[in-house]
Amino acid sequence: MVRSKGLGVAVASVLIGGGVLALAGFALASATPHQTALQCVESTTKAHTCSLTLATYPDSLEGVHGSSGGPHPDWVTYSNDNIDVPANTTVDVTINQYDTGGEPNNPAFLDVIGTNGGFDTVNGVKTTHVTGQIGHTWTLHAIPGNGKYLWISIPLPADNASKMPVKLGIGAYPKPEVVKFSFTTGGAAVYEWNCEFPCGGSRLGNGFGEAMSSFGYMSGTLTVQ
Amino acid sequence: MATSSKSSLRLFFWTWGILTVVFVLIGIFIPHRYMPGVMSNDANLALTTTILFTICAAPVAAGVYAGAIHILKHHRYRGDDVPPAAPPIRENTKLLVTWLTASTVLTVFVLVWGLGALAAENSTSGNPLVVDVTGQQWVWTFSYPGTQVVSNELYVPDNREVEFRVTSEDVTHGFWVVNFGVQVDANPGVWTTIHTTPDKLGTIEIRCEQFCGLNHAFMDAIGHVVTPKQFSAWLASQPARV
Amino acid sequence: MTTTLEKTETMSKPQGGGLARRQNFATAIILGVILAWVFWFVARHLFWQGSDNFSDQEAVMTGAGWMIGFWIGIGAFNAPFQWLVGRDNSHDDNMYYAGKDLGRARYWKYTTDHKVVGVQYIIVTMSLLAVGGILAMAMRTELITPGTHFVNQQVYNGFIAIHGMVMILALIVAISGPWANFVMPIMIGARDMAFPRLNALSLWTLVSAAALLVTVLAVGGMPVGWVVLGTIGDQAGVGMDFFALAIVTFTVSTTVASINNVTTILTMRTKGMTLDRLPIFVWGTLFTSALALYAFPFFFIAELNQILDRTASTSFYIAAGGGTSWLQANLFWLMGHPEVYVILIPSVAALFEISTVMARKPLFSYRTAIGGMAALTGLSALVWAHHMFTSGWAPTLGGPFMVTTELISIPTGIFFLVLVGTLWRGNVWMKSPTLWMFGFIFNFIIGGVTGIYLSDVPLDEQLHGTMFVTAHFHYIFVGSVLFGAISALAYWFPKVTGRFLDETLNRYAFWLVFIGVQITFGAMFLSGLKGMPRRDASYSFAFEHTNFISTIGAYIIMTGMLTLLGAIIHSWRKGEASGPNPWHANTLEWQVPTPVPLENFDVDPIITEDPYHFDNEEPVHV
């Protein structure tokens, strides 16, 4: 091996460069907002079953953003965005919908798709299709081939605007629309879910901007372990 | 050493030949091994074109590489000091004309093939099955005009031309049916179209290939190519959505 | 002799004299930050905070404040202002601004000497490559296996455009910046460029624009590619405003530099330097600059429209308001395609120049080389919509654009003929510039051929938007342009520093980067063939092996580039002394001493022949 007087500098350069990279990586990872995942609660009565409770809020003063509302207290949000569920389990989901809504842009999202039985219950009533206004959806999708293929969409009916108090804040939400459904997981996999109703802000985003296109509000990850 | 003796030139031509064969073999085997399952005439065309272009490029790449190898072997100055001047060859008209002619012929061939393939792709049977595709962040939904079916999985019948009319609800997405070898962008406010004819039964994958924000990487959908009978049955079984 | 210049206390803009002479990079940053704050403050009170556009208006004002403050702080407005008030610089002032007797301080100031600007460009290029490189490594590390790891998809998405834009900026200036500035004026026998102050302006504007780009990351990034499609550009957060402003600023830099290059080459050649005795590198710079002058204004408009959409409620790109994102795509690619040739041609021209010296023979077919570059320049303006084959914009134009695009392969092929033809039957001197040149030849074949695949419309409908495209252009940018840039650096390093760039370390760097490129981007071609879309934060298990291999390759490239960095740092001060003409070349820059005197030549040289006569033999026509 031919030696060079500068070999020391070169090796130092590689090591320091690697160090800078590691530092940058660490900084980026720290800047990434992390949320503790919501755990699915094992059922005490039924085998291979667990239950989850989620909620959708008209602002960020509840849920994962803390009582201060995080950087965008006026953005709509889900209560939790990262969810962990066990493998090969039936997941019973309850979503409490506290927000108003409107007519959806795409009628496909008025349907209940992909749940066990193909239906959900809204305030106790069995439903396969919502007419009228929805506030949000819970739409789960996957990369085909990365575990059991799941495609689930739940329309969440809108709270009547007349039920909403003028001033919003903690404890000031109206009675929610309660939606319940079940689905069954396969082996270990990662799924993404997001809302498909344009409830975000921004004139330019057609309602798909801001909360709808930022991590931690209207989209999240469901991890099957 | 500055001259190229006969034996070294012979070596050059042999290297050129061997490398050409190697590249042709790569062209024949790699696309088959790696490209996704072909399930339509357009996907077939994409695969064939990949193979053909690799074969066409093989002698060109091999020639340049053989030239470089020849130079490294025979024209490398191995002394310690400054190399002496080499023969000041400024022009070789014969070589230039040959090169320009050959590259033009190859380009025209590739062009004619491409234009022919494009024309074949653009030809339509006149009676396609129309499927409306809507992309919105970050899922695809499919609806079938003339029926009231809206689905999150794409069903198409075998051996019948299908025309996709694609639009978006928000930003630009890229509607790509991987196994059909066709894609077109989904833009808000306009409809774009692409058509193809599926020719094999099975499952197909749809991916978004235009960066569309947060969950672009997860904007996949699946579909099925089924027999016409199964297709009608599926359409009938779907609840009518408004 | 400086008596005519006095300080003024009333205005913040300095003119002549002590205040102006104290301006440097630090004052530029300080004034940039101050004015950014002032404009931000004004924006808060001028614009209605409840409007949808408010955060964008605020961001654009802040960014504009930075730009203007930086320009004031570095002294860009000094000369025009002085001219306005009738107090032109004296000869001594001009010598001061050219860096006479300033030592190393002149590299931190608005120095007009083209050699100083050239060295500043080297540093700026390396810094941009470093930032882009860190982002590349972050991306590749995240992609080592499917799923999200150390960042989530929102953060990852923000990397993509900044990595792309920073690297593009680095490559646009990688050869034109250092060498068209440092070497080209000497090569044509001139004492400086036609517009020395514009030269300094182009460099410092680039620095200011780069700062805006890095700010994008700090304000949350933007989930768009560097292609910034109008629709997602409109939806993105304030990062998009800083990006657009960075581009608007950057186009000022390239336009000014291009005007300078073209004027210098056309009007300042020394006596006897007729066009057919012009070194091929100067021809390359001429074509590049002409092309850049044509192309970058499109980018300016494209991004200005985006800013207006976001701040002034226009609807250039908003379908609901009557606009279309295709407008943005067309404007962008009208710039974007010529821009890749703005990046490529200097690399090719530098390698042409280097090949003659390293093979000790004239350029093979000089006129064909010029013709090839001219054809490439002209044709490149006619091919832009091949980036839009699958956009649905104009399906009938697929055929015509396929024709123009595939025709470009003919002049590109000529480059191989000239390069290999020059080396053929030469006495090839295997120093490190030559090594990188052979690397270029290997990689450019792969990059160029795969471009032809993408130019075929039916095949593009399968491969567009996949990692195949990414691998193709990385073979061109990293495998070809960067190799040419490093070859040029190794070649001209002795002229700048009087020392050789360490040969051994350069060889280690070469092999690491070369092998790394094959592994990273070779595997990436396979990812693309298999169907992996690009700009994906995560991917299907089907692509896991090829991605893993690509990430390993990326680490190998990183090691090689850091080794090169070590070589540069070591050799700048402690490299082996080279003397003024270590390569025994005939071009004018090697005929002047090292370090090059302030005004290059004591006596203007007179040229009687082209620089490719290595031994006064009679030329051989075969």
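This report describes a helix pair, a chain interface and a nonpolar core in a predicted model.

## Helix pair in chain C

Two packed helices are described by the angle between their axes and the distance between the axes. In chain C, helix α9 (residues 196-218) and helix α11 (residues 239-267) have axes that come within 8 Å and cross at roughly 165°. Because angles over 145 degrees count as roughly antiparallel, α9(C) is roughly antiparallel to α11(C).

The crossing of α9(C) and α11(C) is left-handed. The residues of this contact comprise 16 nonpolar and nine polar, with no charged residues.

## Interface between chains A and B

Chain B contributes 20 residues that are in contact with 22 residues of chain A. On the side of chain B that touches chain A, at least two residues come from each of the strands β3 (129-136), β4 (139-144) and β12 (220-226) of chain B.

By residue class, the side of chain B that touches chain A divides into eight nonpolar, seven polar and five charged residues.

## Largest nonpolar core

The largest nonpolar core holds 334 residues. Those that touch the most other members are B:A61, C:L169, C:L213, C:F243, C:F352 and C:I441. Helix α13 (residues 325-359) of chain C gives the most to this core, supplying 21 residues.

One of these core residues, C:I441, has contacts in both chain B and chain C. Apart from its neighbours within four places in sequence, C:I441 is in contact with B:V64, B:A68 and C:L419.

Key. Residues are numbered from 1 along each chain as its sequence is written. Chains are lettered from A and ligands numbered from 1 in the order in which they are written. This is a predicted model: local features need pLDDT of at least 70, side-chain atom pairs count only at pLDDT 80 or more; totals for chains, interfaces and linings use all residues. Axes are lines fitted to C-alpha atoms, for helices over the stretch in contact, and angles run from 0 to 180 degrees between N-to-C directions. Helices (H or I, at least four residues) and strands (E, at least two) are DSSP runs, numbered from the N terminus. Angles under 35 degrees count as roughly parallel, over 145 as roughly antiparallel, 65 to 115 as roughly perpendicular and the rest as oblique. A crossing is left-handed if the near helix is turned anticlockwise from the far one by less than a right angle, and right-handed if clockwise. Ala, Val, Leu, Ile, Met, Phe, Trp, Tyr, Cys and Pro count as nonpolar, Asp, Glu, Lys and Arg as charged, and the others, Gly among them, as polar. Two residues are in contact if their C-beta atoms, placed from the backbone, lie within 7 Å. A nonpolar core is a set of buried Ala, Val, Leu, Ile, Met, Phe, Trp, Tyr and Cys residues joined through C-beta atoms within 7 Å. A residue is buried if 20 or more other C-beta atoms lie within 10 Å of its own, exposed if 12 or fewer, and partly exposed in between; C-beta atoms are placed from the backbone.
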